[in-house]
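Subject: Structure for your review

Dear colleague,

Please find the structure below, followed by an account of what was found in it.

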Amino acid sequence: MPAKVSLKKNPKRNPLGKVFAGNIGALAVGLKYFFDPNRITLLYPHEYIKLNKGYRGFIVLIKEKCISCSSCARICPAAAMRMLSIKVYNEKLKKYMIKKYPVINYNRCIFCGLCVDVCPTEALYHVPYHDIVYENMNDMILSLEDFQKEPENIEFKEGIPVKYYFDESRGLVKTPYMEELEKQGEKEEKNQKVEGEGEKGAG
Amino acid sequence: MEVSTSNSRGIHLPGMEIAKASKNRYEVMIGPAHPGSGHMRIFVEVDGDIMVKVDPDIGFVHRTMEKLAEGRDWIQNIPLFERIAILDACNITLPYVRAVEKLLGIEAPERARYLRTLLCEINRVASHLYGMGIFGVFLGHSTLYMWGFGDREVFIDLAERLTGARLTHTYPVFGGVRRDIPDDFPEDARKATRYMRKRLNEYAKIFLNNPNIRSRLENVGVLTKNQAAELGLVGPNIRASGIKYDVRLNEPYEAYGDVDFEIPVFEEGDSLARAWARVEEIRQSLNIIDQVVTWLERNPRENFMHEKFWKTAPKLYKDVYEGKISYSPKYRIKLMPIFASLKVPPGKSFARVEAGRGEIVYYVESDGKNLPYRVRVVSPSFRNVIAFKYVMPGHRLMDLPAIYGSFDYFPPAFDR
């Protein structure tokens, strides 16, 4: 079904007049939200959003899986990822060999996630958070050792994790994460059960 | 009015011209940095309180996007072009992806087309809400500003759940999209659309039908049908002037030919009609989101990347897609390493898409190398900005924000 054109006109002014229709309507809506506001503000240092698993946050390398193909450095649109040559002892051939590993510069990274998607052995992955304080800009250029560790998130120590859920009447609702964790677990179990039954039925 | 258009050397520089002084004429400069606006300047010549001559001066956020694109690989240009209008990322990059797909001779599979449509519409709603918020704050209505930006968060959150990033999604890639919808997405999307529909009625009550706002917008900045066509404007601005033009209508792309929706066309052409056109468009976008989500739910989760990918994908790629790897999210496709060194066959191609602010056009030329030879972008805001020059004269200076805001300007988009 292709799109249709619908001709419209600006809604006419209410015949009851400005005062009764327009102003009172606007004031009523304003008053409604004055007493019952839709607050979605995150009190940031005291609370932090527990993001979903798929979020594209900081990137971590699993060195054992890396095959030194350089695809990640090749595809990086911001030239944030570079290959580092390192001498590695090869036990099969019993000699030292030069192997390349990626390192990242967070001064440049734009978190597009192309490096993670292009890695043929899934040696890179995202952690679902993005707020880290570096003391100086040199620290943002990670060494190979740092690149293998999940960066430490300071918010995790002090803040309360919250999560935003979609709601029909309020849009987004901020809820502390721990309470919801149990409910979610139950939901997932239910969903798995339903899916299992569905598969049986289909089979 | 006599203004010399060039200085003694004959070089035309805006703002640097020597103008004859005339009685009771003053030049007011709006910008380049004023609250609410992006980096853009408007020269306004006023006679008393009436604007006589208006000249938009653009170029303060010019980033040489087109030249930068010539030095980057084909896929690296997708995150680059997102920066043209970061709040409308999918719509802005989609024509580039489509143009390159034409050169490569591939076509995105059906599910990918629906997924692209979904993100495009989420972006369109978020973009219109952003525009409305700015419009509100221009008129001194800070409530709408807060509401618009708060409700935009709902759609940004939807996009984040779908793609993994709030604004710079880098979602469509050559041959498909990067992720499928998560399991709980349809439910969330329906909740968001139901919420937004209800909310639009409240927007009308507090803003558009509010007598204070109406008296500032009604019959202000009237753009007639002829004028709009002559100036070559695009997007909701011409649809508010009665021109039935929308790329989704005239040349349906992606899944727009299969979903059922209306193109709202208003006749008045004033600032109020432009605001209403956006509200009605949000309503239609919500309808499209509902339909697309239902389609995605009903149809099997497969083939949202080109079929060649699924035929040649190694086992690990399928494991990642099925979520068998503990640390990586589900329903994600891996890009083939060929994407990093993609060579596009020589040729010229052209694609256009209806972005939130209007039609965006890409012309891509390849000479067979791994870099594009030329990428030309014509963004919607660039085509709309000229309207200021012809619509504003004759109005009072206080009408400038009302007209300026109603055109949903976005300086980074017209400077590129």
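Angles under 35 degrees count as roughly parallel, over 145 as roughly antiparallel, 65 to 115 as roughly perpendicular and the rest as oblique. The model is predicted: local features need pLDDT of at least 70, side-chain atom pairs count only at pLDDT 80 or more, and totals for chains, interfaces and linings use all residues. Residues are numbered from 1 along each chain as its sequence is written, while chains are lettered from A and ligands numbered from 1 in the order in which they are written.

Within chain B, helix α4 (residues 110-138) packs against helix α5 (residues 142-163) at an angle of about 160°, and their axes are 8 Å apart. Helices (H or I, at least four residues) and strands (E, at least two) are DSSP runs, numbered from the N terminus; axes are lines fitted to C-alpha atoms, for helices over the stretch in contact, and angles run from 0 to 180 degrees between N-to-C directions. α4(B) and α5(B) are therefore roughly antiparallel to each other.

Between the chains, 48 residues of chain A are in contact with 64 residues of chain B (C-beta atoms, placed from the backbone, within 7 Å). On the side of chain A that touches chain B, α1(A) gives the most, with seven residues.

Strands also link the chains: five bridges join β1(A) to strand β6 (residues 262-266) of chain B, and these strands run parallel. Two strands pair if DSSP finds at least two bridges between them. A:Val5 stands opposite B:Ile263 in β6(B).

Yours sincerely

Key. Two residues are in contact if their C-beta atoms, placed from the backbone, lie within 7 Å.
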